Structures are given as structure tokens and as C-alpha cells.
Amino acid sequence: MERVPVLRLNPGSARCSVTGNQQPNTGVSMVMKSSVEEDDAGWSLGVPEKMRSNANWVDITQDFKAACRELNLGELLHDKLFGLFEAMSAIEMMDPKMDAGMIGNQVNRKVLNFEQAVKEGAIRVRDLSLPELIGIIDTCFCCLITWLEGHSLAQTVFTCLYVHNPELIQDPPLKAFCLGLLKLCDIARDKINKAAVFEEEDFQAMTYGFKMANNVTDLRVTGMLKDVEDDLQRRVKSTRSRQGEDRDPEVELEHQQCLALFSRVKFTRLLLTALIAFTKKETSAVSEAQKLMTQAADLLPAIHSTIHHGNQPHNDTTKGDHPIMMGFEPLVNQRLLPPTFPRYAKIMKREEMVEYFSKLIQRIITVCNIISTTNLHGILDFFCEFSEQSPCVLSRSLLQTTFLIDNKKVFGTHLMQDLIKDALRSFVSPPVLSSKCSLYNNPQAKDYIDSFLTHCSRPFCSLIQIHGHNRARQRDKLGHILEEFATLQDEAEKVDAALHSLLLKLEPGRQHLACVGTWVLYHSLRIMILYLLSGFELELYSTHEYYYIYWYLSEFLYAWLMSTLSRADSSQMAEERILEEQQKGRSSKKSKKKKKARPLGKEITMSQAYQNMCAGMYKTMIALDMDGKVRKPQFELDSEQVRYEHRFAPFNSVVTPPPVHYIQFKEMSDLKKYSPPPQSADLYMAASKHFQQAKLILENITSPDAEVNRILKVAKPNIVVMKLLAGGHKKETKALPEFDFSTHKYFPVVKII
């Protein structure tokens with residue numbers, strides 16, 4: 001069977017437009033012989049002009065009907081290229097429940113595009129009233145946010161007819177705003193595409209061939225917005241109340257409306273100028289963007305308090321929740337959507353729009369702070385903390401493109417290798433990076449370390465990029481990047497061995513064992529820990545699985561992390577001692593010893609607290625299971641071993657630390673090896689001690705941050721609950737305990753009902 005382009009009938013048209021690989025419709029069907037390049041420019045409600053002029057249309061109606069007559073009722077034609085997968089994703093054309101293109105046929109009104117609406121007088125392009133302008137701008141803002149939240153431009157921003165062709169608009173405020181809005185969309189789309197940290201559920205970059213005001217420069221648009229802003233400011237001043245003057249209610253209303261429009265136009269200009277600043281390569285532009293965002297935030301209360309001055313939309317009577325008002329037509333782009341199941345864009349409400357902008361601005365201001373972080377470990381922590389807020393795709397993308405600019409340099413100035421070198425030096429103080437060591441200027445040692453640092457660049461850039469993805473995708477990608485870090489670990493150990501043998505020849509008293517390897521192992525462990533903990537945040541684990549997840553964390557990963565941090569700390573101190581001895585030999589003066597703060601001190605403390613929290617939860621789960629208070633599934637098609645192996649599958653690619661297989665885990669966690677085996681009351685008391693230990697560790701931190709306070713809020717009630725359970729409280733009750741993760745996303749407060 002010969003394949004032909006698949007066509008969809010345009011209602012009211014004798015021709016068909018190419019839309020995908022579906023069965024042709026009944027009725028008049030035309031097929032194009034000449035191939036037409038796929039070009040989304042110039043699409044309108046009917047057949048594009050380009051296709052009309054370039055195509056040679058052939059009527060296949062009779063051939064199609066004749067072929068249909070050969071099939072019996074209920075028979076389907078099966079092509080070898082149309083299998084089960086295609087059948088599952090196929091849609092029934094012309095069926096309103098399945099075909100997005102049919103929604104337009106369900107409304108009674110005539111759907112007009114911009115030029116048609118202007119011609120018929122349905123919308124005005126000049127002399128718009130202040131309430132009309134405020135209403136249009138507010139609705140456009142709502143559409144912009146809905147687009148940033150994952151809907152298509154065709155169903156959001158471009159449902160506003162005015163942005164289809166701003167050149168036809170003769171009203172200066174509206175024209176300037178529409179051009180500004182298009183520029184905002186264009187710059188945001190460019191930034192999001194460059195950062196490449198979005199998935200199909202986050203963002204839709206397709207423009208459907210609409211012009212994004214590329215014929216007008218950014219400077220010209222901001223200039224137009226400033227001119228409108230100045231005119232409105234003059235009107236605001238001329239209508240404001242004067243002392244001792246009777247106030248005319250109409251003049252007061254005009255003053256309020258002018259102020260409302262002025263706030264919106266200025267907000268658009270500030271937002272656009274800030275995004276333009278992010279496109280520059282100088283770090284000074286980021287500071288400028290931060291100031292602009294602060295100014296924009298100051299305008300939001302005025303915008304929120306004047307929402308009622310704008311014309312209010314009435315909701316679309318068709319499916320969805322799209323506002324209908326002058327200048328907006330939710331179905332104008334329906335023919336541009338791909339032939340898929342209908343997806344309704346629920347446009348955000350105006351009150352929610354202001355709140356969203358407020359949060360967006362705060363996130364962008366936070367993004368700007370990245371330029372003050374100069375070390376790699378600080379940058380990684382910054383990305384992790386920022387990601388924990390589940391930020392929007394625009395702020396995530398701005399953070400990525402601010403960190404690594406187009407020239408692939410950090411903040412546009414530093415090489416990634418230099419950043420990695422500094423991080424390695426500050427973490428473990430390897431002799432090869434110490435200027436006082438004989439290896440420092442050794443060409444062979446230089447080659448070893450430079451080659452290693454170059455190989456580190458890609459995995460670390462990928463790791464930082466992973467933290468830019470949404471939380472659910474991050475976990476999946478963290479599992480995959482472990483393979484790259486396993487390769488890096490192998491190389492680090494070889495580099496350490498080579499540098500050690502070199503150093504023994506040059507300085508027999510010094511060693512270079514497990515320096516670079518310790519640093520890579522530290523990052524591998526952090527990834528593994530984050531991978532497991534994020535499962536709690538994403539609610540992936542069943543209650544009966546908690547015990548082996550917390551066991552793996554407390555007994556294995558945190559134990560390894562503590563050992564790694566201690567080794568790095570010792571290495572730093574050893575290097576400091578060698579440097580001090582060298583200085584003593586050169587100088588006869590006695591130097592006063594200053595007690596230096598240990599750089600890894602806080603991280604070691606936090607790791608101890610986390611380890612105790614995990615150990616407490618592990619013992620709690622074992623004790624609850626002994627008391628029959630953990631619901632377990634009736635395994636039929638799988639088993640606990642299958643689940644365990646699935647949970648830890650990504651760790652199989654890592655050599656150090658070696659993965660703990662299920663049989664090893666059962667042996668290591670077997671309580672029968674103790675004499676006598678502990679009872680549930682013993683385990684509750686042991687869990688209570690772990691929570692108590694975590695509490696003591698955290699309370700000794702001099703300036704506790706929000707994370708420390710969150711863990712304390714979990715540890716304190718859990719100490720009490722464990723002591724009650726150890727004393728036999730509600731032991732006979734059949735009710736299962738509750739695990740409340742609202743205080744901390746990794747550690748629950750245990751509640752006995």
C-alpha cells in the first residue's frame with residue numbers, strides 16, 4: 001500500500017491541510033503531489049497561501065470511497081507501518097473528544113483572526129479606554145504566566161489578537177505593550193532553550209510561525225515603553241488632587257486608572273530590561289538585573305490594588321476556562337495545534353497572576369546572588385538549595401545561563417577547570433596543588449593533574465545542569481550520572497597512584513595516596529544520598545520499604561561519607577603541618593599559633609546529625625514491624641528482593657563504595673546475630689537515643705539555619721514518641737502509625753493514633 005500525506009479537512013474549505021499521519025476524512029479529499037517544505041510561517045484559519053500557490057492538488061475522493069467499499073463493516077485496513085504503538089497514539093479524526101481541531105465547530109460564534117476582527121469592527125486598534133487597556137494587559141500577563149507553566153503559545157499569549165500584528169495597532173500604550181510582551185516571550189524562550197533544563201511537561205517552545213517582533217530592536221521597544229510611561233506619568237500628575245480643592249469623582253477615577261496603567265507599563269519595561277540584561281555576558285549586567293527586579297517588585301502592590309479598574313472578562317462557554325473579552329479569541333489558533341487529544345489551557349486568574357509575579361521576581365533576585373559565590377562546592381550547594389523551592393522553568397534557566405555563559409566559561413570569565421582545581425585544593429589539599437611541594441612545577445605531574453581536571457569538567461557541568469531540571473526528572477538523571485562519576489573515580493585513583501610514586505622519588509617523607517580519589521568519592525556519595533532521599537520527597541517509597549532505605553543511608557552511605565570527610569580533614573591538617581615545619585625552618589622567629597576554623601567542620605557535624613536521624617528511623621521501622629504496625633503487601637508478581645534491587649539499581653555502576661546486595665543486606669541487618677535478640681522496646685529506646693544524639697549535635701551549632709531548625713522540629717517529638725512506645729504505649733492498638741513529612745521532606749514525625 002503506497003503511503004500518502006495524511007490530510008485533515010478544513011471545515012468550509014474544499015481543500016485539506018497536511019497535519020500528520022491519520023486516515024483521510026470522508027468528503028472531498030485532495031492530496032498534494034509535490035512535496036511542500038514543512039514551514040509553520042503564514043498559517044491562518046484556511047489553507048496557507050504558500051500551499052495554495054505551490055501545490056498541485058489532486059482529487060482522491062472517488063478512489064478513497066471505492067477503497068472503503070471493499071472493506072466489510074467493522075473491518076480495518078492494517079498496514080505494516082501501523083502497529084500497536086501507533087494504534088495506541090492514533091486519534092479518531094473529526095471526533096470532538098479526540099481531535100483538537102474540532103473544538104472550533106462546537107461554538108456558535110464566528111471565529112475571527114486579527115485582520116478580520118478589525119475589518120468587522122469587533123476590536124478597536126485606536127482610542128481604547130483606560131479600563132480596556134488595563135483589562136487587556138492584565139489578561140495578557142495571565143496568558144504569559146500560563147505559557148511559562150507549560151502550555152503552548154498558541155493557546156495562551158497568541159489568543160490575544162493584538163499580538164498577532166502589533167504594526168496595525170494605532171494606540172501607543174497598547175502597541176508598546178504588545179511589542180514588549182512579544183520581546184519578553186522571545187527572550188524567555190531563547191534563555192530556556194539555551195539552558196536546556198526543561199522537559200515536555202515544563203515548557204513548550206514552539207512559536208507556530210508567529211513573528212516575535214524581531215523586526216524591532218530591544219532598545220526601540222524599551223524606548224517606546226518609556227515614552228508611554230512618561231506620557232502616563234504626566235497624566236497622573238495633572239489629575240492628582242490639590243490641597244483645598246473639591247475632588248471631582250470622575251477626575252479621581254481617571255487618576256486611579258492612569259496610575260494603574262502607568263504601573264503596568266513600567267512593570268513590563270522593567271521586566272523586559274532585566275531579561276535583556278541577562279543576555280549580556282558581563283557579570284555587572286546581573287547586578288543591574290537585580291536592581292530592576294527590586295524596582296518591579298515595588299510596583300506589584302499597586303497592580304494588585306487596581307485589578308478592579310480593568311475590564312473584567314467573562315469565561316468562555318466552550319470547554320476550558322479561557323477569558324473572553326475584546327481582543328481575545330481562544331479558538332483563533334485551534335487549526336495550528338497538532339492533531340492530538342484536546343489539551344485545555346486553564347488561564348491563570350488575575351489575583352493569582354500578581355502573586356506569581358511576586359514569587360518569580362524573588363526567584364530571579366535569588367538567581368542574581370550566584371555571582372557572589374566563587375567556589376564550586378558553594379555553587380553546587382546554591383543550585384541544590386534553589387532547586388528545593390521547585391522554581392519555575394524561567395528562573396531555573398536564568399540560573400543555568402548566568403552560571404555558564406555561551407562561551408562555556410563560568411560567569412563568562414573563569415574556566416571550569418580552574419574552579420574544579422580550587423575546589424580540590426580547598427577540600428583535600430593535595431600536595432600536587434601546593435606551591436611548596438616539589439610536584440607543583442613537575443611537568444609530568446602537571447600533565448597528570450591537568451588531564452584529570454579537563455576530564456572532570458563535563459561530569460560537573462552535567463551535575464550542575466541536572467540541578468536545573470524539575471525535581472522528578474532530577475532523580476532519574478542523578479541515577480545516570482553516577483556512571484560518569486564511577487569512571488572519574490577510576491581515573492582519580494590512577495592519578496593518585498602515579499603522583500604518589502613520583503612524590504616518593506622527589507620527597508620520600510611525603511605521600512599522595514587517596515587525595516584526588518577522596519574528593520571524587522565525596523561527590524559520588526553526595527549524589528547517591530540525594531538520589532535516595534529525593535525518593536521520600538517524591539513519595540516513591542511505600543511504608544514497608546522505609547526500613548531498608550534508611551538502613552542503606554545510615555549504615556552505609558553516611559558511614560562512607562563520614563569516613564571520606566574525616567580523611568579529607570586529616571589530609572588538610574597534615575598538609576598544614578608540613579607547611580608550618582617548612583616555614584619554621586626558614587624563620588627563626590616564633591610564630592603565634594592561631595586556631596584555624598576547620599573548613600569541613602560544619603559538613604561533618606551535619607552528616608553526623610543526618611546519620612543519626614536515618615539510624616533512628618531505621619530502628620523505629622524495625623520495631624513497628626515487630627509490633628505488626630507496618631502494612632506489608634501480599635507479594636505475588638514480585639518480592640522484597642525485587643523491590644530492593646530496583647531501588648538501588650543505579651548504584652551497581654559504582655565500584656566505590658561497592659553496592660550492598662539484598663542477601664548481604666539481610667545478613668548485615670539480621671537481629672538474630674545479637675544475643676539475646678533485641679525486642680521492639682529495646683529498638684524504640686535505641687531509636688530515641690539516635691534522635692536525642694541528632695538533637696544534641698544540632699543544638700551545638702552556633703548559628704543554625706532553616707534546615708537545622710526543621711530537623712530539630714522532627715527529632716524532638718520523635719524522642720518523646722519513641723520513649724512512649726518503649727514503655728508499651730498503645731501496644732495493643734491495631735491502628736497503624738502516621739508518618740508526617742510536612743515538617744521535613746526526608747524525615748517524618750511519627751504519630752501514634
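Helices, taken as DSSP runs of H or I at least four residues long, are numbered from the N terminus. The legends below describe close-up views of a predicted model.

**Figure 1. Overall make-up of the predicted protein.** The secondary structure comes to 22 helices and 8 strands. Of the 753 residues, 50% are buried. Among contacts between residues at least 6 apart in sequence, 76% join residues at least 24 apart.

**Figure 2. The largest nonpolar core and the surroundings of Leu 553.** This core has 213 residues, and those with the most contacts inside it are Tyr 162, Phe 460, Trp 519 and Leu 553. Helix α17 (residues 546–586) gives the most to the core, with 15 residues. When residues up to four places away in sequence are not counted, Leu 553 touches Ile 529, Leu 532, Leu 533, Phe 536, Tyr 558, Ala 559 and Cys 614.

Figure 3. The structure holds 40 aromatic pairs. In the stacked pair formed by Phe 158 and Phe 210, the centres are 4.1 Å apart and the angle between the planes is 10 degrees. This pair links distant parts of the chain, 52 residues apart: Phe 158 belongs to the loop between α5 (130–148) and α6 (172–195), and Phe 210 to the loop between α6 and α7 (218–239). Phe 158 and Phe 210 are both buried. The ring planes of Phe 198 and Phe 203 meet at 80 degrees, with centres 5.5 Å apart, so this pair is edge-to-face; the cut-off for that class is over 60 degrees. Phe 198 is partly exposed, with a relative accessible area of 24%, whereas Phe 203 is buried, with a relative accessible area of 2%.

**Figure 4. An aromatic cluster and charges placed over tyrosine rings.** Ring pairs link Tyr 531, Tyr 547, Tyr 548, Trp 551, Tyr 552, Phe 556, Trp 560, Tyr 644, Phe 648, Phe 651, Tyr 662 and Phe 665 into a cluster. Over the face of Tyr 531 lies Arg 475, at 4.0 Å from the ring centre. Elsewhere, Lys 745 lies over the face of Tyr 746, at 5.1 Å from the ring centre.

**Figure 5. The second largest pocket.** The space in this pocket comes to about 1200 Å³. It is lined by 36 residues, of which Asp 381, Glu 385, Arg 526, Glu 603 and Tyr 610 are the closest to its centre. At least two lining residues are supplied by each of α11 (376–388), α13 (416–428), α15 (471–506), α16 (516–537), α17, α18 (601–626) and α22 (706–726).

**Figure 6. The second largest cavity.** Helices α5, α6, α8 (249–278) and α10 (350–368) each supply at least two of the lining residues, and α5 gives the most, with 3 residues.

Figure 7. Leu 506 is placed in helix α15 and is partly exposed, with a relative accessible area of 42%. Apart from neighbours within four places in sequence, Leu 506 is in contact with Ser 438, Leu 439 and Asn 442. The C-alpha atoms of Leu 506 and Leu 439 are 8.0 Å apart, although the two residues are separated by 67 residues in sequence. Ser 457, in helix α14 (residues 443–466), counts as buried because its relative accessibility is 12%, below the 20% cut-off. With neighbours within four places in sequence again set aside, Ser 457 is in contact with Met 416, Gln 417 and Ile 420.

Figure 8. The peptide bond from Thr 656 to Pro 657 is cis, with omega near -5 degrees. Pro 657 lies in the loop between α19 (640–647) and α20 (662–668). A cis peptide bond also joins Ser 675 and Pro 676, with omega about -10 degrees. Pro 676 is placed in the loop between α20 and α21 (680–699).

Figure 9. Ala 196 is not a glycine, yet has a positive phi of about 55 degrees. Ala 196 is found in the loop between α6 and α7 and, at 38% relative accessibility, counts as partly exposed. Glu 539, likewise not a glycine, has a positive phi of about 55 degrees. Glu 539 lies in the loop between α16 and α17 and is exposed, with a relative accessible area of 69%.

Terms used. Residues numbered from 1 in each chain as written. Predicted model: local features only at pLDDT ≥ 70, side-chain atom pairs only at ≥ 80, totals over all residues. Heavy atoms only, no water. Core = buried A, V, L, I, M, F, W, Y, C linked by side-chain atoms within 4.5 Å. Buried < 20%, exposed > 50% of the residue type's maximum accessible area, 1.4 Å probe, protein only. Contact = heavy atoms within 4.5 Å. Phe/Tyr/Trp six-rings, centres within 6.5 Å; stacked < 30°, edge-to-face > 60°. Lys NZ or Arg CZ within 6 Å of the ring centre and 35° of its normal. 1 Å grid on protein atoms, 1.4 Å probe; cavity = no way out; pocket = protein on both sides within 12 Å on 5 of 7 lines; lining within 4 Å. Points joined across faces, edges and corners; volume = space filled by probe spheres on them.
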